[in-house]
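Visitor: Could you take me through this structure? I would like to start with how the parts of a chain are arranged.

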Amino acid sequence: MFADYSWTELGSIFAMQGFAGLILFSVFVLMALGLAIIFGQMGVINMAHGEFMILGAYVTYLCSNIVETYIPSLFGIYFFFAMALAFVAAGALGALVEWSLIRHLYKRPLDTLLATWGLSLILQQAYRSIFGAREVGVSLPNWLLGSVPLTDIIEIPINGIFVMVLTLVIAIGVYFILFRSRMGMQTRAVVQNRVMAGAVGINTEKVDRHTFALGCGIAGIAGSAFTMIGSTGPTAGQLYIVDTFLIVVFGGAASLLGTIASSFAISQAQSTMEFFLSGSMAKVLTLLTVVGILMLRPEGLFSLKIRR
Amino acid sequence: MKRLKDLIDHRLSRRSVLSGTAAAAMLATASTFAPAFADDVNTTGLAVTDDTVKVGILHSVTGTMAISETGSVQAEKLAIEQINAMGGVLGRKIEYIQEDGASDWPTFAEKAKKLLVNDKVAAVFGCWTSASRKAVLPVFEQYNGMLYYPTFYEGLEQSPNVIYTGQEATQQIIAGIDWVAKEKGAKSFYLLGSDYIWPRTSNKIARKHIEKLGLKVVGEEYYPLGHTQFNSVINKIKLKKPDVIYAIVVGGSNVAFYKQLKAAGIDMTKEKPLLLTISVTEDEIRGIGGENIEGAYAAMKYFQSLDNENNAEFVKSFKEMWGDDIVIGDVTQAAYLGPWLWKAAVEKAGSFDIDKVRLASPGIELTTAPEGYVRVHENHHLWSKTRIGLAKPDGQYELVYETTDLMEPDPFPEGYQ
Amino acid sequence: MTHVKSLLSRQELIGLLVVAALIFVVMPLSMDIFRLNLFGKYLTYAFVAIGLVLCWGKGGILSLGQGVFFGLGGYCMAMYLKLEASTPEATAIQSTPGIPDFMDWNQITSLPWFWEPFNSLTFTLLAILVIPTLFAFVIGAAMFKRRVGGVYFAIITQAIAAILTILIIGQQGYTGGVNGITDLRTLKGWDIRTDEAKYVLYYVNGGLLIAVLLLSQFVLKSKLGRLLVAVRDKEDRVRFSGYDVSNIKIFVFCFAAVLSAIGGAMFTLQVGFMSPSFVGIVPSIEMVIFCAVGGRLSIFGAVYGTLLVNWAKTTFSEIFPELWLFGLGGLFIAVVLVFPNGLSGLYRSYLAPLVDRLISRGGSSYPPEPASPPPDLDGEANAKPAE
């Protein structure tokens, strides 16, 4: 299949394809980081994760409209406000949900699945009632559109670079929050031994709420960033849920590094296969491989050395 | 509700000034039928009284398809209101019963059956996806109902109980490909679609036609519904350098596809490659964003920007009823035709009986159609023109070409029978 | 009689008789065939819910992929019916007569090999039972032998549901794609679309459901059933007592799969088509909710839960088409937060004592007339599925 092309063309295409894989990798990490915190650290199966992302997307949509109408001079940089607001909005909703729903269910992880599925239905219908059933178009500042041509064929999409940088920033941020801050220390303590953590004076309820809110907030940022590459509609969140859970499980639920490694593995596999096979079959094969590996190695790529 | 009432008043007050227009002509025909007794115009026990007739509207208001089907519901309600304001059908006001298919095919079948068996409606306007149509089809055939189906679709079907008001695949595809081949000198095509029957069948028809013209298909690719990562296929397109990307991506995938296409540096306004789609109406552009799809061409039968009197009137009424910020796509217009075609057939038949309406349907003309003029073919599809539109950054299409003749519907093209 | 007694407690016998009375007497008398057919469709989901009671409620294994088995059963049935509907005469306008219409549209010119055996009804009926069992066995063996359970099992089964859906939609020449297999007409020459056929199928469905209830009760009352509960509550202790925990889990997972497949096959027969929208993630989770609303521990509760949720779905979507998702979502949350034991929990805390008192007041060892159960119970049982 490559006979018709020159070496430079092939080289460029492989470079492009590698870059496409990297973008997919960043997208996966963004999607999965919030869930890795909520599911991996807290053990809550948050089926409404996609809806928290879409909340971020809608917040971005509102921001873009408001800024465009009232303060067009700031349109170029509104995206940063929008992401911050998306974080706050999704985080606040997350805290509310944790307080009203999740905290009653920590001892019944499978039930969190059902409750959050119900929540996701309610959120979907709420989006539909508020924003309409149709997809909304989020207008973006011009500097985020388009691409940087490197050679004749190689063009680097700017929004791809933006997503990659954002992912890096957020991943580093999460690392610092969880492993270098007081809150992170408390979170890890609560995850490892709730009773003991309570006994040494950690307010476990507060820690739970903050952790859950943090996970949801990151989902909000992810949703905000995805307005650049995907669609924003009431049911768009459902598209992400299976991929996201598989990534987290494949990585080894309790390990953030695992989530990143599994994002990398799955994204590279998928984008390589997409190039050689049709899109549908590539997806099927990727998922099958992941499920197959999980059956052989149920604890995922990275696991804590404990046997439950 | 108030808006609705205003609209009706508005339409009524306009009656006098409408003389001479086609709308008034239809009004005149309507009034020549003096309201007959219900038993005379309805021998099969449909829900027809001396001054009302019940019809059904069956679309998804919830679920993933609600996005697409909303416009159709609005158009059908508008048409029904207008018909009522003009005196109804055979002197009877139309009352509609709306059911939600909930984007779930058995629910469609279930509700279709309810409408036919329990509510005994005289006609149903509804369905959007092929899957929902396939699910209700046996119900309509078993209980002898009449369905007006608005979506452009893959063809390969011709039911006595369905009037297809959208275009079937060949109508949409052949004119479009002829046009890019002739006007734009296109030699090679890359076919791309969402993975289900309509894009696949359409691409097969397209491939056949492309090869018949002696041109080349350099790639064909399908992605699952809802897929949002198109960078790989965009790279393949860059490698193959086709003259035309023939895209039949649907739903949320559309948004991702066009955004990523633009981000990958494929500027469609330069037409290298040119993008021709049959799946993106003005409705979809709202989600995609006009700036992301600027320069693409679409082949379908209706654009909101069509410049004719019927359409000006239609767009105006539609916005009065449903708000100024609404856009109208091909399917919405086709859905609008349903009630009018039904009215015309009922009046030609002089009866609401399904069998009589069916017999009366072929040959029914609509000179008031927003798209211009349509006529019902023997095979229950519509003769209609196919048009090519160029996507503008404001989210509208600019008409660049229309077939001089009406395209004949051919739901079973050669090699597919 | 002693046999029955050991299988069903007096309470359970009443429960079974009420379900039977509801299915065979109350519903057919109070509904027209359209509603009854709808009710029959709901009952096919009850098979899945009963399977989930065993698998999830009793065994602690939550499968989010029951739609897979429902779909496998349904597709097997649909393939047979489709072949029967695709006689060369009926499909004469196709370029290849005698194969299903969707294959012809996809330029397939001969029947694929895996469709061939479905010309035989015997094979089809066997396949409905065997294929899902084998599939469940492979999944179960791979997972349970490695001691994967809980959340991981749920997510992997969910992924399997997603894979199968994409596969069915993508291979439309062989599977009918997103439209599914439609326009099914006759079973051995018997038109399944007529009203009489719908009545017959409804009663067959009801009979099968009762049989499945009895069979499930038998499994639960057996040593295996008690082991199952023990595994759920203290897996390690069962293992240390010398039992092979994974075999118990594999068995119950396969059992639940077969029940789902029977439901799927009956669904195809009664609804007249099968499509991938019953295989995927959303229907699979909805089936779990049927079970949860019923109370996840009670097989009778599962039947009522299924009926209640579906009835609510139909009614709400008719009255408030744009709001019913709020109701459904709220139901999910309420069931988890407020009524974790679902309908059967409500029954146990409020009605069971009453029933008990009535039984013991009667004094005889024979349960009271099934047709006139205590008024409250009757009210509860009938309020749900009725209009």
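Guide: This is a predicted model. In chain B, the centres of domain 1 and domain 2, taken over C-alpha atoms, are separated by 31 Å.

Visitor: Which residues of chain B make up domain 1 and domain 2?
Guide: Domain 1 of chain B covers 2–166 + 307–384, and domain 2 covers 169–300 + 388–402.

Visitor: How many residues does each of the two domains of chain B put into the contact?
Guide: Domain 1 of chain B gives 14 residues and domain 2 of chain B gives 14 residues. On the side of domain 1 that touches domain 2, the largest share comes from helix α14 (residues 330–349) of chain B, with three residues. That side of domain 1 of chain B divides into six nonpolar, six polar and two charged residues.

Visitor: What is C:Leu52 in contact with, leaving aside its neighbours within four places in sequence?
Guide: C:Leu52 is in contact with C:Gln66, C:Ala256, C:Met287, C:Val288, C:Cys291 and C:Ala302.

Visitor: Let us turn to the chain contacts. How many residues do chain A and chain B each give to theirs?
Guide: Chain A gives 40 residues and chain B gives 34 residues. On the side of chain A that touches chain B, at least two residues each come from α1 (7–41), β1 (147–149), β2 (155–157), α5 (158–180), α10 (256–276) and α11 (279–296) of chain A.

Visitor: Which element gives the most to that side of chain A?
Guide: The most comes from α1(A), with seven residues. By class, the side of chain A that touches chain B has 18 nonpolar, 15 polar and seven charged residues.

Visitor: What about chain C and chain B, how many residues does each give to the contact?
Guide: That contact takes 27 residues from chain C and 29 residues from chain B. In chain C, α3 (33–58), α7 (150–170) and α15 (324–337) each supply at least two residues of the side that touches chain B. The largest share of this side of chain C, three residues, comes from α7(C). Its classes are 12 nonpolar, 12 polar and three charged residues.

Visitor: How many helices and strands are there in chain C?
Guide: Chain C has 17 helices and two strands. Its C-alpha trace spans about 75 × 55 × 45 Å along the principal axes.

Visitor: What radius of gyration does chain C have?
Guide: Chain C has 22 Å, which agrees with the value near 21 Å that a compact globule of 387 residues would have. Of those 387 residues, 51% count as buried. Among contacts in chain C between residues at least 6 apart in sequence, 78% join residues at least 24 apart.

Visitor: Finally, confidence. What does chain C average in pLDDT?
Guide: Chain C averages a pLDDT of 85, and 91% of its residues score at least 70. Over residues 363–387 of chain C the pLDDT is below 50, and this stretch has 36 contacts in the model beyond near neighbours in sequence.

Visitor: What are the ipTM and pTM of the model?
Guide: The model scores ipTM 0.85 and pTM 0.85.

Methods. Residues numbered from 1 in each chain as written. Chains lettered and ligands numbered in written order. Predicted model: local features only at pLDDT ≥ 70, side-chain atom pairs only at ≥ 80, totals over all residues. pLDDT = per-residue confidence, 0-100. Contact = placed C-beta atoms within 7 Å. Helix = DSSP H or I, 4+ residues; strand = E, 2+ residues; numbered from the N terminus. Nonpolar A, V, L, I, M, F, W, Y, C, P; charged D, E, K, R; others polar. Domains from an automatic or database assignment. Rg over C-alpha atoms; globule rule 2.2 N^0.38 Å. Buried ≥ 20, exposed ≤ 12 C-beta atoms within 10 Å, placed from the backbone.
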